[in-house]
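Thank you all for coming; I would like to take a few minutes to walk through one structure with you.

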Amino acid sequence: MNLVIANLPALERQFFCAFSALGKVLVTNATRSANGVNCATPHTDSLPPIPQGEHYFTAKLSVRMKVGPDFEATNFTFYECSTYTSCTQCVSSDFPCDWCVTVHRCTHDAREHCRNDVLVSGVAVSIHI
């Protein structure tokens, strides 16, 4: 994902992205871009579990160097479509989720999980970064 950061210091050192949520901090490498940095998201298996009864959690996403304060911070939402158990919940969610009719499954990746299935598309717009 690309983060636009005005006035990011012109340093030749390595930048990092830190995702802080639910008592856990996960740090990934960042690469400098023309107008900010590109952050890699943490691997799914390293994320804290979504709280029981919820469909998402919001993390604080900070850009930093190895030592020193954060340059910038914003919110970043991690969501899980499979936590929705009905078509209506799935396709009306705030997230880009689609419902696979035959297998009764909500997913963010219909091409992978709903092959040759009838698909009900969600109303949220998917943003691919």
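Predicted model: local features only at pLDDT ≥ 70, side-chain atom pairs only at ≥ 80, totals over all residues.

Leaving aside its neighbours within four places in sequence, Ser-33 is in contact with Asn-2 and Asn-38, where contact means heavy atoms within 4.5 Å. Residues are numbered from 1 along each chain as its sequence is written, and side-chain values use heavy atoms, with hydrogens and water left out.

Ser-33 belongs to strand β3, residues 24-33; strands here are DSSP runs of E with at least two residues, numbered from the N terminus. Ser-33 is buried because its relative accessible area is 17%, and buried means under 20%, exposed over 50%, and partly exposed in between, with a 1.4 Å probe and protein chains only. A polar atom of the Ser-33 side chain lies 3.5 Å from the backbone nitrogen of Val-37.

Val-37 brings us to the largest nonpolar core, which has 19 residues, and Val-37 is among those with the most contacts inside it, together with Leu-3, Phe-15, Leu-61 and Phe-78. By such a core I mean a set of buried Ala, Val, Leu, Ile, Met, Phe, Trp, Tyr and Cys residues joined through side-chain atoms within 4.5 Å. At least two residues of this core come from each of β2, β3, β4 (36-39), β5 and β6, and β5 gives the most, with 5 residues. Apart from this core lies another, of 8 residues, including Cys-81, Tyr-84, Phe-95 and Cys-97.

How do the strands pair around β5? Strand β2 (residues 15-21) pairs with β5 (residues 56-65) in the antiparallel sense over 6 bridges, pairing being counted if DSSP finds at least two bridges between two strands. Within that pair, Ser-20 has Lys-60 of β5 as its bridge partner. β5 also runs antiparallel to β6 (residues 72-79), to which 8 bridges join it, and these two strands form a hairpin with 6 residues between them, where Gly-68 in the turn has a positive phi of about 120°.

Finally, the chain is divided into domain 1 (2-78) and domain 2 (82-121), with bounds that come from an automatic or database domain assignment, and their C-alpha centres lie 28 Å apart.

Conventions. Helix = DSSP H or I, 4+ residues; strand = E, 2+ residues; numbered from the N terminus. Polar contact = N/O pair within 3.5 Å; in protein donor to acceptor, adjacent residues only side chain to side chain.
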